[in-house]
Structures are given as structure tokens and as C-alpha cells.
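I opened the notebook to record what I looked up in this structure.

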Amino acid sequence: MSDSTQKVINSLKKRHRKEKVFRAAGATAIGFGFLLVFLLITDIITKATPAFKQNWIAIEVDFQPDLLGIDGLDLTRLPKGDYRTVLRSAIFEMMPEVSGRRDKRSLFGLISSSAEFEIRNHLVANPADLGKKVTVWVKVDDDVDSYLKDDVVVGEPGIRISEKQATWIKKWVDSELIESRWNSEFFSLGDSREPESAGVKGALTGTFYTMLVTLVLSFPLGVAAALYLEEFAPKNRWTDFIEVNINNLAAVPSIVFGLLGLAVIINIFGLPRSTPLVGGIVLTLMTLPTIIIASRASIKAVPPSIREAAMGLGASRMQVAFSHVLPLAMPGIITGTIIGMAQALGETAPLLMIGMVAFIVDVPGGITDPATVMPVQIYLWADSPERAFVAKTSAAILVLLGFLLIMNSFAAFMRKKFEKRW
Amino acid sequence: MTSSTLIFVVLFLALFSYWYGIQRSIKVAGGATQVKKLVSLPRQFGLLTAMWCGLPALIFLLVWTFFESTVIEALLVQSLSVEVQQLDQSALGLYLNDVRLLSDSSAEVLQKADPDKVFAAEKLLEINRDAAWLKSGLVLILCLSCVAFIISRFAVDFRARVYLEKIIMRVLLACSIIAILTTVGIVMSVLFESIQFFSSVPPWEFLFGLEWSPQMALRADQVGSSGAFGAVPLFAGTILITIIAMCMAVPVGLMTAIYLSQYASERLRSYAKPMLEVLAGIPTVVYGFFAALTVAPFIRDTGEALGLSVASESALAAGLVMGVMIIPFVSSLSDDAINAVPTALKEGSLGMGATQSETIKQVLLPAALPGIVGAFLLAVSRAVGETMIVVMAAGMAANLTANPLDSVTTVTVQIVKLLTGDQEFNTPKTLAAFALGLMLFVTTLALNVAALKVVRKYREQYD
Amino acid sequence: MSDLSITEALTSDDIVIEGTVGTTTAEDAKMSMRNVNVFYGDKQAIKNVSLDLARNQVTALIGPSGCGKSTFLRCLNRMNDTIPICRVEGELKLEEQDIYAKKLDPVLLRARVGMVFQKPNPFPKSIYDNVAYGPRIHGLAANRAELDEIVVSSLQKAGLFGEVKDRLDAPGTGLSGGQQQRLCIARTIAVSPEVILMDEPASALDPIATAVIEELIDELKEKYTIAIVTHSMQQAARVSQATAYFHMGHLVEMGKTEQIFTNPTHELTENYITGRFG
Ligand SMILES: Nc1ncnc2c1ncn2[C@@H]1O[C@H](COP(=O)(O)OP(=O)(O)O)[C@@H](O)[C@H]1O
Ligand SMILES: [Mg+2]
């Protein structure tokens, strides 16, 4: 055996150990990625689950006209009654052992502030109950709700339930007055300061309008720009400049687009603040580079033979582009557009700049109504101190991730299906 | 009519013009049977008419909207008393803002308000009304006259297709110019407001000042004189968080790319790619939530268990989560860079008896280095411009510190903080946000340009 | 037989190849391969090939493109391991040692059986570092002086030292094609291999650089056992002592180079040598 072979043999053990370490490091990095995805998703799902349930309490309400302060005959005045007093007396009747101003107040605080509207709605819907004593289900306060759902004890940080309140709640639970129900209101209500009355309908609607504006603007603009640059533009410095511009825009931080929206679209053009219209325009400018780049790639992939064949039949360049190249490039363009829209759907920062961060209770009815969108709603709720908003935020995140998953899967499906057809 | 209604009206008219153009062209040809005589198809005549109907009107609307508010304001000021006209810029702005608010208010509010302003508000409503009428009228006239003009030129040998294609070409060109307009818009908006800002706060104070407290400067009316707009703490905070993020993203992202491209089986790859896509597709607001509610408390508790004092909004939490967000980005760019290295180099090394890892460390990575540097620069640019994670998980206080367990603030956090909520537009406070925006834009642009340069050079090397 | 019909006959597998004609064994074999079959997935690229590489001789592997020369060569230092779908069967020995044995370390094998590739592939490092690469990873030099010595002597053996001695720090990629290939040879020699495999080492070079390389190969056989794949018959004739003719994965004929080129036995070999296809 030669001298050098011996030296190589001597070095082998150490080198193979290093190889193993390096390999393990790589595997660890990937494992770490999987772990992160797992942690993130489970963390959010665990936090979100409580938000899909809401505890309700049965209250014996005595709809006495004199308590309500309304005339028992004039039904049109039903909505104007003093339901707060009725509610209070119903609750205090239910808990006769509670006395003293302080205690009474803290007892009343266990019921959601939306309860008086719920009993009002009940009476308006069932006017025959006027003067009768009936059981009405109302929501409990979010503090009670969290206390009941989360496995916690009084005194833990973030738990705003006193010992006394805890005994009352226990009594309700024991006498089966409390019921946990599927929280459909999460999808049918707008935003609210009270977690138990906050839903994502407003944000979902706002997202819908914003995305609508974005799609309507960015798709035609993006396709037109891509078509021009790929099919018609002369190859000169001017086109190069446009191309460099598009590439750079794709890497500009999103918040800068927000500044553009604020300074130009709102302050110069005077379009209304906080609206899906402005949000959509800003997101259009932001997603255009993505769509243009994807569309160009897709147009470029159409083989020249198809163009030549069509030209040979006497079609003009414009006709070739619109009736032969564009249809063939469409799957790729649509895929790129979906990806761009998915980006826009998750975008938050630029929308904060143009005022879509305002607290808006009403569900927007059009693109010029003040609105917010899902990611911003998530941001707003995440910022709220109430414990119950953590669950709401997580639930909203799940809804958002669900939409993103659908969009991205669809894009992946399109890509797979139309991959390399020629 | 409001602009949006007008747009619909114009679109409807254009649709109608399409049909009308077709009818006219048939008539010009001398009936449906004679259509063959035309040089272009009736459909092309129709499209041309529709374009003539819609395009000028829409362009006019756009220009109108652009100038409307400025002109109306000028008209309003002219019709007001001399004292108002002599107010200085910012006082006038405040005054007009009140007037604008009043013009939207109910009668009850109006009763209590300053009669001068109420008068002005009424005036404003009047001008607005007139402007709306004028706008609608002009748009409709424009539509109709353009259609009339183009119809008048219809003839058997009228080359509708050629004209149509010319117009479409212009439209396509205009669409591709939007990218440039966007860039110009960005530069203009951050530049103009920044210049205004720098006229009240000297640039060196902004760039080198060590104290940042825009609120204080507002309260005492000694705007900008106390060094309260010194942005160094923000730059330092941004850099600190970026460094933490890079410490997380670069090793993990790079090792992921290496393992996936050099070691992993097809099966593992088919799971890992979607995993990275999930990480890349999660909105930043979700990462922000995760950072603020899960990672930050975890780091604080761990730190406290170790006897360290950790801020509840530590730079570490925000930086780490930002790093996670950037992992897929680094990994996919590094993957490209590594795959661009010719197989011949890898085989040359393996053929000499180098182990896989020796080959990767001593041949592949050095060869892919420019590409990886490019990826790194782009990732830094991402981190610097990232907003939501830091807004939600980093602090608001402008501490000048290098301790990752402390709370720091960043450029993007301050932009959001300065511009959200209701405030007057042209105060130094909001203008400062634009100055920060300018810094951010310039920095990220420089990073991107540098990255693209490096990557392009590198591609040339192997193509 | 006309040219056309030969080509047709060949591509349609009409000529049945039964075993190998000529002498495939050597008295003093450095490496000996028996009944080697290589598959890429389902596709068989080498079909039952047996041959020996004689010690301190140059063996040329020739044959039409795609016949499996590279594949066979790459089996000899297990470079085919890097292709996941590639499977090797048969008995391959380096001095009585089974090179596909489980316990054999490919790292050690490749240090003993070096390889020079078709396209010069210097690493993007300095000339010095290119040559020092192998000695460094294998720990062949105890100190800088020893390393210097290995680098210089390898460059000298590769006939490159005179041309680059003033610019050892310059990047290896900056050399001309022929110089780059000699750098790659120097890099291989620096590890002191026993066998050197060359896969068309001169195919990317101009005639003058090719001549230099051929001369070099001739000198190298004094110390090393060499197997060279070439598509140029003149080159095979000039540098090799034994020649093996491959055809569609078969080893058709093998023997002394002189004999193969002057008096081939097999019809296919003759057709190839006389340049009727290839
Ligand atoms: N990596 C590979 N994967 C699949 N088939 C391969 C691969 N490399 C070579 N082949 C096939 O094996 C056969 C022999 O190839 P090769 O050894 O490169 O031929 P030669 O070097 O004689 O030109 C060819 O048919 C080729 O297509
Ligand atoms: Mg070959």
C-alpha cells in the first residue's frame, strides 16, 4: 500500500464524521421548518377553537309593559322600550341572594352588553310575549365566556372574574342555565368592541370588495402590459427601462405603496379614505409586477411556430396576439394572477396607511364605503387587550389561511394541469 | 353624477357605440349583403367606435379627478373674505378642513359653528354641485362628439382595423407605462413630503440625531428644534432586528436548500417544497400575531427563568419570527444559485475523492457565492421593509441599544405609528413618516439593484 | 455491402454480438472487470462486459457515441453512485479488491482511481488551490512546505509548471482550454492515484493543445495505469497500447492497439475504424 493511500485512510474517519454532522445539520434545518409549520398551525388552531363556540345563558324575562315603559297596545313602540331595566330585574330575580349595589353591578357585568338587544329582538319578533314571563337565551360576557372555556382559575393573570362572580357562574352551570353553542354570529356580525359580539362579516365583505377592485384593475392592466412588452415592444433602452422598473417595483416594501396611496391617491386625487376603492388601487399597483412577470413568462412560453402559422394565414400581429397567443398563455396568466391576488389578500401594511384600520362596525355596502379587510381585522383584534379577542383573532386567521390555501392550491392545480403542453 | 356612476354611464355608452358602429358600417356598405365590400370587418368598425366613445371620456375623467380638489379649493378661497385669504399655508389648511367637515355635517352642528365657516361650507357645497354638473356635461358631450366624428369618417375603404390596432397599441403601451408611473409616484410622494419635512428639521439632525420622540415635539411648539426627530435609534433598531432575522434565516434557509438539492430523496423533497410554500404564503400579519402572542412571551419566560431581564416586546422575538418568514425566500434563491453551478464542478470534486460535504463546502458554495450573496441582499431588503411583524411584536419606544432582549423600534413601525389614527396631514409628525419612507425606499432599492447586479454577473459566468 | 445498408443493419440490431472477440485479459492487470452490467432504471447501458486494465499501460475505449464508454469508465471509480437510478452488476476489482464491496469506501477508491473529465472543470479557485485541493482534503501534506512541493511536482508532471509558475495565485478559470485541462490532470495527479480515468480529455481542445495532452498521457503511463475514452481513432492509435471497441453497450472487440487498427477481427470494429459510421 502506498504512502498516500495510507494517509487517505488515516483521514477517513474524521472526514466521515464531519460529513455526518453536516448532513445532520441539513436535516435539522428541514426538520426545523416542518416543526415551525406544525407549531404555527397547531398554535393557531388551539387558540382559535374557543371562538367557534359561545356560551349562552337562559334568563326568565318578565316582559311587563310598565317595566318596559311602553303602552301595551301600541306595538310600534316595542323597539323603544327600556329593556335594560327589564333585563336587570330578570337577572336579580334569578339571583335573589345577590344584594348591595356593588355586587349587583358585578353580577350584571356577567351578561353581555348585547343582551338587552337580544331580549328586545325576541319581543319584537314575538309580540305575543308582551306581559308574559318567558325564557330568553342571551350571551354571557366575554370574560365569563373565556373563564368557562379556558381551563383557568380565578386570580390568573388576564382573568377578570372575582371569587364571588365565580361562585355565581358555578351556580348557573350547576343548574344547567348555561349552554355552549356553535358561534354562527362570528360569520354574521361586523366588528365590535365587545368580543362576544364581534364577527368577521364586515372584514370579509371589505376584503371581497377590495379584492374585486384589485382584480378588475390588475388583471387587464397586467395582461396588457405583459402583452405589449412581450409581443410588440421594440427591444430598446426604453423597454429595458420599463423592465428594470417592474423588477424593482416587485421588491419595494409594501408599506411604501401605502405611502404612495396616502400621498397621491388620497391627498392629490382626493379619493375617499378607508375605502376598498383606494385599498384596491394600492394593492393593484403592488401586485401588478407579479402579474406582469408571470404573464410575460407565460406569453414567452408560447412557441413561435404558433405565431408564424397564424401570420401565414394572413392575420395581423395584433390579431395573432389576441386570438392565438393570449388564449394559449391564459392558464399561466391566470395562475400568476391568482398568486398575485393571494399576496394582495394577505397584505396589511399599505392598507393601514390609507386608513383601512379605522374601527368600523357596519358591513360595507360598496367600494366607496369605509371598510376594513381580514388581515387588518386580525391586526386590530390582536391589539385588543380582552382575552377573548385572542381566540377571535386566531379564528379570523384560520378563515384567512383557508382562503389562501384554496387560492394557492388552485394555482398549483392550474400549474400542474397546464404544465408544458407543447 | 359621481365619478363612479359616470364611469358606468360611459361604459354603457361605449357598448351602445359598438352596436351603433356596426350598424353604421353596414349601412355605409349598403346593407348586410354588401358587407364584403368594406375593407375592414363591421366588428372592427364597432370596436373603433366604442374606443372613440369611451377612451377620451375616461381620460378626461381621470385628469378632472386629478385637478378637481386643487381647483375647487382655489375657487373657494377666492370667494372667501380677505382675512381668510391672507392666512398662512398651515392655518389655511386647518380652516379649509373645518369647512370641509362642516359641509358634511348636520343642521344641528351648523347652528353651533362659526357663521363665517358655515358660509364657506355652503359656498363649497355650491361649487361642488356646479363642478359635478360641469363634469357630467363635459363627459357626455365628449362621448357623443367623438362618436359623431369617427362615424362621419366611415366609408367603404375606411381602414377601421388599422386605426383600431393603432389605438389598442397605444392603450397597451400606456398600461406598460403604469410601472414607470408607479415608480415616479413613489419617488415624488416620498421626496416632496420629505423636502417639506427637511425644511423644518435639518437633514443632519434627522440622519444623525440620537433622540426620537415626535410626540414631544408636537406638544411643545418648538417643532424640530429639540432634536426629537433624530432617526438613529430607528435605524439601529431596524438593523438589530434585521441582523437577528438574518442569523435565523440564512443558516436555516441555506442548509435547507443544500439538503434538498444535494441529499434529500425525491419523497422528502415532495413534502418539503410545499412546507416551504406554506411558510412563504403565510401573511405577515399572522407571523406578527405568532410573534407577539406566542414567541415573545415564551422568550420572556425563558429569559426570566434564566435570570435575565427580557422586555415583553423584545427585539429577539420580532427578529426570530421575521427570520422564519424569510427562510423560504433565502432557501429558494440559494437553491437557484446552487443549481446554477455546473455539475462538472461537483463531479470534478467528487471524482477526486472529496466527500459530499467537502464538495459542497469547498466547491459548490464558493462557486455559488455570488448568487447566495444576491439572495442575502434581497433577504436583507425584505427584512428592512417588513412591517407587520415588527408593528405587532417590536416596541414603540425608540431605545438606542444593541441588546436583543431589549425592546427597540424600527423605521417601518414608526411610519405606521405616525400615519395611523386621525391627524392633520402636513404636520412635521406625518412628514417625518415620509422622510422615513424615503430612507426605506432608497435603502431597499439600493439593496435590490446591488443584488440584481451580483446575480446577473454570476449568471453570465456560467451561461 | 454498401454504407447505407451497414448503417441500417447496425441500427436495427441485425448484427448479433456474441461475446467479445480478441484478448480482454492482461497478464499484469491493475484493474479487472468481469461480466459487468449497468442499468439506468430499466435501460441497460452496459451488457456483460469483461476487460482488464494492464498496469502502466494506456487502454483506449472507443466506439460510437452513446455506446456506453463513459458509463463504463464511471463505474471504475464509482462515479455512477451519484446517479440515483444507476445500478451496477458484476465483478469489478482494483488489485484483487472488489470496488463495489459494501465495506469499501468510495472516497478512498476515488483517491486511488482519479478521473479527468471531458470538459476542463477547474474549480473557481487559484491555480495553486486547484492543485492543492486533493492533498488538502485527503490530508496528504503535513505542512505548507510539503504542500508546496506536491503542487509544484504535480504541475511539473502535468507539464504546466513552466507556464504558470509566476501566477500560481491567478484563478484557474483564467487559463486557456488546454492549460485548464492540464491543470485538471495536475489536480488529479496531486492525490497520487494509481489509476487515472480520462473521459475524452481532449475533445474540447484545439489540435495543438491536444497534442500536448497526448504527449503528457504518454509520459504519465510510466507511473500510472490509464484508461482513456476517446472518439478520435487517431488519438487512440497514438496514445494507447490496448484498445476496446464498444458498441451499444457491448464490448465487441479488444486487443493490442496495433492489431485493432491494422487488422480488426469483427465486422463492426472494421466498419467503425474505416470510418463508415460513428
Ligand atoms: N444519467 C443517465 N441517465 C439515464 N441514461 C443515461 C445517463 N447517462 C447515460 N445514459 C444512457 O446510457 C447510454 C450510454 O451513455 P454514455 O455512457 O454517456 O455513452 P458514451 O459516453 O459512449 O457516448 C446512452 O444511451 C445514454 O442515453
Ligand atoms: Mg461520453
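What follows are my entries, by topic.

**Ground rules.** I am working with a predicted model, where local features need pLDDT of at least 70, side-chain atom pairs count only at pLDDT 80 or more, and totals for chains, interfaces and linings use all residues. Residues are numbered from 1 along each chain as its sequence is written, chains are lettered from A and ligands numbered from 1 in the order in which they are written, and side-chain values use heavy atoms, with hydrogens and water left out.

**Confidence.** I noted an ipTM of 0.90 and a pTM of 0.88 for the complex, both from the predictor. I then checked pLDDT, the predictor's confidence in each residue, from 0 to 100. Chain C averages 89, and 93% of its residues score at least 70. Residues 1-12 of chain C stay under 50. For that stretch the model has 13 contacts beyond four places in sequence; contact means heavy atoms within 4.5 Å.

**Domains.** I took the bounds from an automatic or database domain assignment. Chain A is given domain 1 (3-49), domain 2 (52-183) and domain 3 (201-418). The contact between domains 2 and 3 of chain A takes 10 residues from domain 2 and six residues from domain 3. Their centres, taken over C-alpha atoms, are 46 Å apart. Chain B is given domain 1 (3-158) and domain 2 (226-462). Here the C-alpha centres are separated by 47 Å.

Residues 208-229 of chain A are 100% helix and 0% strand, with end C-alpha atoms 31 Å apart. Residues 249-271 of chain A are 61% helix and 0% strand, with end C-alpha atoms 23 Å apart.

Helices (H or I, at least four residues) and strands (E, at least two) are DSSP runs, numbered from the N terminus. Buried means under 20% relative accessible area, exposed over 50%, partly exposed in between (1.4 Å probe, protein chains only).

- I found Ser25(B) in helix α1 (residues 3-29) of chain B. Ser25(B) counts as buried because its relative accessibility is 1%. Ser25(B) touches Leu38(B), Pro42(B), Phe45(B) and Phe154(B), not counting residues up to four places away in sequence.
- I placed Val38(C) in strand β2 (residues 29-40) of chain C. Val38(C) has 0% relative accessibility, so Val38(C) counts as buried. Leaving aside neighbours within four places in sequence, its contacts include Ile46(C), Cys75(C), Cys86(C) and Val88(C).
- I found Glu165(B) in helix α7 (residues 160-200) of chain B. Glu165(B) is buried, with a relative accessible area of 16%. Which residues does Glu165(B) contact, leaving aside neighbours within four places in sequence? I listed Ser316(A), Met318(A) and Gln319(A).

**Rings and charges.** I noted one aromatic cluster formed by Phe52(A), Trp182(A), Phe186(A), Phe187(A), Trp381(A) and Phe389(A). A charge sits over a ring if NZ of Lys or CZ of Arg is within 6 Å of the ring centre and within 35 degrees of the ring normal. The charged end of Arg382(B) sits over the ring of Phe329(B), 4.3 Å from its centre. Arg187(C) lies over the face of Phe123(C), 4.2 Å from the ring centre.

Definitions and conventions: Phe/Tyr/Trp six-rings, centres within 6.5 Å; stacked < 30°, edge-to-face > 60°.
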